[in-house]
Amino acid sequence: MTDHETLLNVAAIRVGTRVNGPGLRAAIWVQGCTLRCPGCFNPGTHPHEPKDFWVPARLAERLAQPGIEGISVLGGEPFQQAAACARLAMRARELGASVVTYSGYTWKYLRECGLTEVRALLEATDLLIAGPYVAAQATDGNGWRGSANQEFVFLTGRYGPVDIDATANLPVMEMKSDGRLLDWTGIPAETDLEADCSLMALGSNSSRTIYRIS
Ligand code: SF4
C-alpha cells in the first residue's frame, strides 16, 4: 500500500498543546464521525467531507519535532480512518513520539473488532481514551476525557494511572485569539467556563491557559 492510498482527512491541527494528553503534544483532529454523541463538542468534524488531506507519515514527520512528547489523535473518529491513523501513529512512534488516540467506540468494541487496520491503530497507540461522550456524565475533573464513562486503556508501558492522577494539577483548556476568532481546545467543565469571566477579553494574537479552580 502506498502513502497515496492512505491519505488522512484532517479537520484541524494544533502543535504545542497540554490539554489533550501527557506533556507537550501535537493534536490532530480527523474529519468524519458517524457516532453522533448528543452534546458532542466538535459537530463540525462529523461529516465525512473533504478537508485537508495529508500523507500520514509525512504529517508525523512534521509534527514529531524536538520538544514534542507525542501526538494525540482526536475527532471526528480516528477509527473511521483507522488505516491512515495507524500509519500516522506508527511513524510518530518510530520518531520517538508517544501516541494518544481518542475514540467514541468502547474498548470492548475495538478489542473485539477483527479489522486489520483497527488492530494496527491499537498496536501503534500508547494510551487509548475510549467510549462515547455521555453528556449526563460530563467531565469529572479529569482533564483528558469528556465524560466519566470513557476508559483510559494503557496499551504500552509508556503511560499509566499515575499520569491520569497528575491531571488534577494540569490545565484543562487553552484559548487563542487572533482578535476576531476565539479558538479553544481542552475539555472544560461548565464551572471552568463560569469561573473565568475574562475569557472574552482576549486581545489580538493572544493566548491563555485555563486551570481548574477548585
Ligand atoms: S465520537 Fe467524538 S466526535 Fe464523534 S460524536 Fe462522539 S464525541 Fe463527537
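Two residues are in contact if their C-beta atoms, placed from the backbone, lie within 7 Å. The model shown in these views is predicted: local features need pLDDT of at least 70, side-chain atom pairs count only at pLDDT 80 or more, and totals for chains, interfaces and linings use all residues. Residues are numbered from 1 along each chain as its sequence is written.

**View 1. Helix α1 and its packing partners.** The buried residues of α1 pack against β1, β2, β3, β4 and α2. Helices (H or I, at least four residues) and strands (E, at least two) are DSSP runs, numbered from the N terminus. Helix α1 spans residues 56-63, and its buried residues are P56, L59, A60 and L63. They cover an arc of only 100° around the axis, so they sit on the same side of α1. The arc is that of the directions from the helix axis to the C-beta atoms. A residue is buried if 20 or more other C-beta atoms lie within 10 Å of its own, exposed if 12 or fewer, and partly exposed in between, with C-beta atoms placed from the backbone.

**View 2. The seven-stranded open sheet.** The strand order is β3-β1-β2-β4-β5-β6-β7, and the pairing is mixed. Because β3 (52-54) and β7 (151-154) stand at the edges with a single partner strand each, one side of each has no neighbour in the sheet. Neighbouring strands are turned by 30° against each other on average, direction ignored. Two strands pair if DSSP finds at least two bridges between them. Helix α2 (residues 82-94) lies across β1, β2, β4 (70-74) and β5 (98-103), and runs at about 170° to β4. Axes are lines fitted to C-alpha atoms, for helices over the stretch in contact, and angles run from 0 to 180 degrees between N-to-C directions.

View 3. Strands β1 (residues 8-17) and β2 (residues 25-30) run antiparallel and are joined by six bridges. V10 stands opposite V30 in β2, and T17 has R25 as its bridge partner. On β4, which runs parallel to β2 and is joined to β2 by five bridges, V73 is the bridge partner of I28. Six of the six residues of β2 are buried. R25, A27 and W29 point one way from the strand, and A26, I28 and V30 the other way. In a regular strand the side chains alternate between the two faces of the sheet.

**View 4. The loop between β4 and α2.** G76 is found in this loop, and a cis peptide bond with omega of about 0° joins G75 and G76. E77 lies in the loop too and is buried, with 22 other C-beta atoms within 10 Å. Not counting residues up to four places away in sequence, E77 touches G32, C33, L35, S103 and G104. The C-alpha atoms of E77 and G32 are separated by 6.1 Å, although the two residues are 45 apart along the chain.

**View 5. R36 in the loop between β2 and β3.** R36 lies in this loop and has a phi near 55°, a positive value in a residue other than glycine. Most residues other than glycine have a negative phi, and most peptide bonds are trans. R36 is exposed, with 10 other C-beta atoms within 10 Å.
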